[in-house]
Amino acid sequence: MISVFPKTLIATRFLSRTRPRIHTPKLTAIRTMSSSTQRMFQLKLDPITGNSEWVVIEDNDDGDESFAHNFHQPLLATTSYLDMLNDSPRNTAFRQAIQKTITKPCHVLDIGAGTGLLSMMAARAMGDEGRVTACESYLPMVKLMKKVLRINGMEGRVKVINKRSDELEVGLDIPSRADALVSEILDSELLGEGLIPTLQHAHDNLLVENALTVPYRATTYGQLVESTFLWQLHDLHSIEATVSDGIQLTPPGLDSVLSVKRQQYAMHCNPIQEEIKLLSEPFKIFEFDFWKRPESSGETELCVKATNDGRIHAVVSWWVLQLDREGTIYYSTAPRWISSPTITSPVGWCDHWKQCVWFVPGSGISIFKGEEIHLHATHTETSISYNLDTQVPTSEILNHRCMTGDLQLVLPPERVAIYGDKGWRLSMLKAVQSMGRDHPLCLVADDSVFLPLLVAQLSEASHVMSLLPGLKERGLQYLQAAAHANGLSRNCIEVLEKRVKQLTMHDIHQKKVDLLIAEPFYVGHDGMLPWQNLRFWKDRTTLNDILSEDALIIPSKGILRACAISLPDLWKSRCCLSNVEGFDHSVVNATLGACSNLPELEEGPCLPFFVWQCGEFDVLSETFDVMEFDFSKQICLCQGKSQVKFTKTGVCHGFVLWIDWVMDLQNSVVISTGPDRRYWKQGVKLLGTPRTVGPQRSRNVQACSAVLEACFNPLQGELKIILDFL
């Protein structure tokens, strides 16, 4: 996540009053200003070591070359700006609404201006007169916006201010209050980018009374659904009752000690449409007007009638944007099973806005067709939450959390689902059993809370130490409570509150480690590329001096695997920009990590995605091994080359890469994280130009085979990929 600290260096959630839309939690920023220059300190995380360093970004005209040198992929490639700018229905709706709303010269304010697209639309709508102020606090985006304005001849028409909107002052930054507001500060939940406080401050301090606004209004909708898949993403306690390995991560009395955060989760619901049973008609939840000052909080009571028998596992929600006052221009994030003659949903697929899922606690609520259930919805400045009438009231949930105190361990939904997966748990059990019982000292290197309990239970003579580099104190308190609840001695698991580099023989009681083990799972890595979990290999290398000569390592190796894939929707959302609603955006492609028509020697980055959520996709080749990482040895440069055999005729848009973890020395226990595994993200390398491919002797294809070559650099944790079609 990118966060920005205002001049007082107090943490805040918003950036311009809005934050960049980003896929991976890798960057933090602090912004400073002086009378002559603006500067931002960007915190760069090295996922292989877990270390971080500050990089300085200056506001100058020297371009981004020096800064790009410090980052090994385009700085803004992990944001959703590119996907947003490739969303033609969105762009068209804003253009039409701005042209319809701003019909005469006036002062227009654009908050969270990004590349300046809406600012330029407003300037064009007013002709040669009028004034546009573009407010954007994220310095790299400001620098990019200035390039876009320059190439479109708009430098003199749009004034760019590198501040948060709540830092703007009339008479200092802008000469007078603005007559109109154009802004797009919406996330999948609607409120998460600070829509409410942004509008409040703007109406109080920056806009004239009865100012024009685009958009005009936003309305949220919801629907009750049954879905086993969604249930498995959060209800570990109920699922654990069906497993037989003897480990209880959520023991009786501590059934909610390990859980997901009670919030809405952005998710593409269309891919699981066939797994969803609709239990109600869509219902309206909240309405937010941009043209007037909103309230900081609100609530509503709804009586929802069931349309089917079933068990309510979740509330699926979306929003509809009314961009003009008259109600003729709309944009919707509704799933494809929702249709309306007045609303134009995005054509195809886009990743910057998804549906949202709110998990109903526990195993859900049984309901019969025709039965009514009361839904209580509340919103704060930044989020929306729900409570159904037979659920535990929110106050009781808070009281329970107070009783459990710091034992509350919050993990991502996918990790909770993995911990409840019978196949995964059985694989881990077999892997540990295959190593035998004679391991006096075991060190768990990652943030796993399952493995310490498993090893301690299977090897009663073992002393288990855990690093928990991300969970730290929370993980320590959880493991102590869970160990006791599982009938283990509270002292059998020890958490070392030191970084890997700081560990000495003194810390491990002068005994060398006999078993080094990991899932691997690192808190904060869930949005990163698969090979960035090779942090385990780096840690194993750092720990080499405290490992016994015959120490066993689990996993024993990792196998980088790949396949060719057709991904038309994802490719369209990541392809190079040229003309966006009449404005040249070609200068942003390299910075935003576009995948096509890039200058020579430049290529699009490999990015992490849940492939199953990437719209239409089709695997076109056999799965092939690219290279192996041998964890019995110290980390080193690795290279691999493989022939790609296409098995199906189709358009190849790129390659999907992942790591399969071999968990035993006999190569019989393998944890796959490939595209058919929905709890892991894969790396996607898109082609600059899609190719029509097919098996040997296929007609009308551009390639029957290809060669994929890869090189892993342990110093940077990067994977260099070279493709050659034959």
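How many of the eight residues of helix 10 are buried? Eight of its eight residues are buried, and helix 10 counts as mostly covered. This is a predicted model.

**Helix 10 and its contact with helix 11**

- Helix 10 spans residues 413-420. Its buried residues are Pro413, Glu414, Arg415, Val416, Ala417, Ile418, Tyr419 and Gly420.
- Helix 10 packs on helix 11 at an angle of about 65°. The two axes are 5 Å apart.
- On the helix 10 side, the contact uses Arg415, Ile418, Tyr419 and Gly420. On the helix 11 side, it uses Lys422, Trp424 and Arg425.
- By class, this contact has three nonpolar, one polar and three charged residues.

**Helix 11 against helix 12**

- Helix 11 covers residues 422-434, and helix 12 covers residues 450-458.
- Their packing angle is about 45°, with the axes 11 Å apart. The two helices are therefore oblique to each other.
- The crossing of helix 11 and helix 12 is right-handed.
- Helix 11 brings Trp424, Arg425, Met428, Leu429, Val432 and Gln433 to the contact. Helix 12 brings Phe450, Leu451, Leu454, Val455 and Leu458.
- Nine residues of the contact between helix 11 and helix 12 are nonpolar, one is polar and one is charged.
- Trp424 and Arg425 of helix 11 meet helix 12. Trp424 and Arg425 also meet helix 10.

- Helix 14 runs over residues 535-542. It is mostly covered, with six of its eight residues buried.
- The buried residues are Arg535, Phe536, Trp537, Asp539, Arg540 and Thr541.
- What do these buried residues pack against? Their partners are strand 27 (513-517), strand 28 (547-554), strand 34 (624-630), strand 35 (638-645) and strand 39 (705-713).

**Aspartate 173**

- Aspartate 173 sits in the loop between strand 7 (158-161) and strand 8 (178-183).
- Is aspartate 173 buried or exposed? Its relative accessible area is 9%, so aspartate 173 is buried.
- Setting aside neighbours within four places in sequence, aspartate 173 contacts Lys159, Ile161, Lys163, Glu167 and Leu168.
- Threonine 133 is 40 residues from aspartate 173 in sequence. In space, the two are 9.3 Å apart, C-alpha to C-alpha.

**Histidine 379**

- Histidine 379 belongs to strand 21, residues 372-379.
- Histidine 379 is buried, with a relative accessible area of 7%.
- Residues up to four places away in sequence are not counted here. Histidine 379 touches Leu191, Ile196, Phe286, Phe288, Glu295, Ser296, Ser297, Gly298 and Ile384.

**Cysteines**

- A disulfide is a covalent bond between the sulfur atoms of two cysteines.
- How many disulfides does a search of the whole structure find? The search finds zero.
- Cysteine 575 is in no disulfide. The nearest cysteine sulfur belongs to cysteine 595, 6.2 Å away. The cut-off for a disulfide is sulfur atoms within 2.5 Å.
- Cysteine 575 is buried, at a relative accessible area of 15%.
- Cysteine 576 is in no disulfide either. For cysteine 576, the nearest cysteine sulfur is that of cysteine 595, 6.7 Å away.
- Cysteine 576 is buried, at a relative accessible area of 14%.

Definitions and conventions
Residues numbered from 1 in each chain as written. Predicted model: local features only at pLDDT ≥ 70, side-chain atom pairs only at ≥ 80, totals over all residues. Heavy atoms only, no water. Axes fitted to C-alpha atoms, helices over the stretch in contact; angles between N-to-C directions. Helix = DSSP H or I, 4+ residues; strand = E, 2+ residues; numbered from the N terminus. Parallel < 35°, antiparallel > 145°, perpendicular 65-115°, else oblique. Left-handed = near helix turned anticlockwise from the far one by under 90°. Contact = heavy atoms within 4.5 Å. Nonpolar A, V, L, I, M, F, W, Y, C, P; charged D, E, K, R; others polar. Buried < 20%, exposed > 50% of the residue type's maximum accessible area, 1.4 Å probe, protein only.
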